[in-house]
Amino acid sequence: MAASDDGPQSLTDKAARAARDTARRAPGIPLDRQLSDEASEASALKVSAAEDEAPTPHVLECDHIVHRYAKPSGGHQLVINDVSICVPTPDFVSVVGPSGCGKSTLLRLVLGSETPWHGSVCADGRTVDHPDRSRGIVFQRYSLFPHLTVLENVIFGLELDGTWLLQRWLTWPWYRRTHQRPYLEMGMEYLNTVGLAEHAGKYPQQLSGGMQQRVAIAQAMIMKPRILLMDEPFGALDPGTREALQLTIVQAYEQHGLCIFFVTHDLEEAIFVGNRLLVLSPFWSEDDGSPGNGAKLVMDVRCPKSATVDRKAAPEFQELLAHVRHQGFDPAQRQRICDFDLSAAP
Ligand SMILES: Nc1ncnc2c1ncn2[C@@H]1O[C@H](COP(=O)(O)OP(=O)(O)OP(=O)(O)O)[C@@H](O)[C@H]1O
Ligand SMILES: [Mg+2]
């Protein structure tokens, strides 16, 4: 986790936390040596941070977040147990994990529709405590307005943002010339990106599920969010359509330089679309071997990007898939916290 861009005070805190984390995940090295190494690293970072007058905040930083829900029967269910994620610059981050482990919960915390019980989520250096337009979202179920055409659906957010309804109504010719026309042009550009330009005048019910989901992606992208959150966006599609949309979103990422936070329980999909893979798993154990409570991040790795067209068949792709399935999805295989190795985290 890069800390070099933070202020000196938070740097010290981060260094102390980093020292604790290292102590947990490097059991072979004496604790005092790790702490003194961390302390010298921290002072080096402090000097470099002081030299940097205007540090760029990280796109996303989840700092030791813990989240729990009240149970109807009383007490609480711990869902997320001490998860830290740092995304310094825009990246395509896939989050994968077994069903029910807390992926959507994590996504809602990043969106800001829920706030963590403990810890914090920061986007571009600002604490996230409510949703705003800097974080767009695409859900599994298409969220289109049935009475608007495809193009009108895509530009809907821009129109809401631009002017008040009454102002638009009172100044219609002016509004059309100055606002709506550029919006429509921009909408067509985004429809082009998702391959739907020729369907701009249709209504959602005239489109297939996959096409509707493409519209939802264009609708979210046109708002130019800093982070695009996607929760199982292709979960309701057949395998062929799903694969086509996976390619669409990868191309959109490459063209528009978005930061994407992509949640799925489909491991193959996560490795295929993402540049970086986070594995959230409830299958871990305490240092004494007792089963853990809630889900932790058990892996944080770069995804192989092979030059071959059929990347899913590449040996390094298949190796990573088998490794993650073993470490993150197998209830019988519980890593101990002391053995976690996130040291190579991107
Ligand atoms: N609002 C809520 N109130 C109470 N419990 C909740 C709430 N939202 C989620 N949970 C519980 O938290 C746990 C994690 O749910 P979540 O939806 O985040 O899992 P998930 O990993 O997204 O699952 P899936 O892959 O099936 O979508 C589940 O046990 C769920 O029942
Ligand atoms: Mg979910």
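Is Phe139 buried, partly exposed or exposed, and how many other C-beta atoms lie within 10 Å? In this predicted model, Phe139 counts as partly exposed because 18 other C-beta atoms lie within 10 Å, where a residue is termed buried if 20 or more other C-beta atoms lie within 10 Å of its own, exposed if 12 or fewer, and partly exposed in between, with C-beta atoms placed from the backbone. The model is predicted, and local features need pLDDT of at least 70, side-chain atom pairs count only at pLDDT 80 or more, and totals for chains, interfaces and linings use all residues. Residues are numbered from 1 along each chain as its sequence is written, while chains are lettered from A and ligands numbered from 1 in the order in which they are written.

The chain contains 10 helices and 12 strands, which are DSSP runs numbered from the N terminus (helices H or I, at least four residues; strands E, at least two). Of its 346 residues, 33% count as buried. Among contacts in the chain with a separation of 6 or more, 71% are accounted for by residues 24 or more positions apart, a contact being a pair of residues whose C-beta atoms, placed from the backbone, lie within 7 Å.

The largest nonpolar core has 75 residues, and Val110 and Ile260 are those with the most contacts inside it; such a core is a set of buried Ala, Val, Leu, Ile, Met, Phe, Trp, Tyr and Cys residues joined through C-beta atoms within 7 Å. Helix H7 (residues 209-221) gives the most to this core, with seven residues. Because domain 2 (58-134 + 225-346) and domain 3 (145-223) both give residues to the core, it lies between them, the domain bounds coming from an automatic or database domain assignment. Not counting residues up to four places away in sequence, Ile260 touches Phe92, Val93, Leu228, Met230 and Tyr253.

Helix H7 is mostly covered, with 11 of its 13 residues buried, including Met211, Val215, Ile217 and Met221. The end C-alpha atoms of H7 are 18 Å apart, which agrees with the 18 Å that its 13 residues should span at 1.5 Å a residue, the expected span being 1.5 Å times one less than the number of residues.

Ligand 1 is surrounded by Tyr69, Val79, Gly97, Ser99, Gly100, Cys101, Gly102, Lys103, Ser104, Thr105 and His265, a residue being near a molecule if its C-beta atom, placed from the backbone, lies within 6 Å of it. This shell divides into three nonpolar, seven polar and one charged residue, where Ala, Val, Leu, Ile, Met, Phe, Trp, Tyr, Cys and Pro count as nonpolar, Asp, Glu, Lys and Arg as charged, and the others, Gly among them, as polar. Helix H3 (residues 103-111) provides the largest share of the shell, three residues. Seven of the nine residues of H3 are buried, among them Lys103, Thr105 and Val110, and the helix is followed by Gly112, whose phi is positive, near 100 degrees.

Most residues other than glycine have a negative phi. Phe139 itself is placed in the loop between strand E6 (135-138) and helix H4 (150-162), and its C-alpha atom is 5.2 Å from that of Asp231, although the two residues are 92 apart in sequence.

Definitions and conventions. Contact = placed C-beta atoms within 7 Å.
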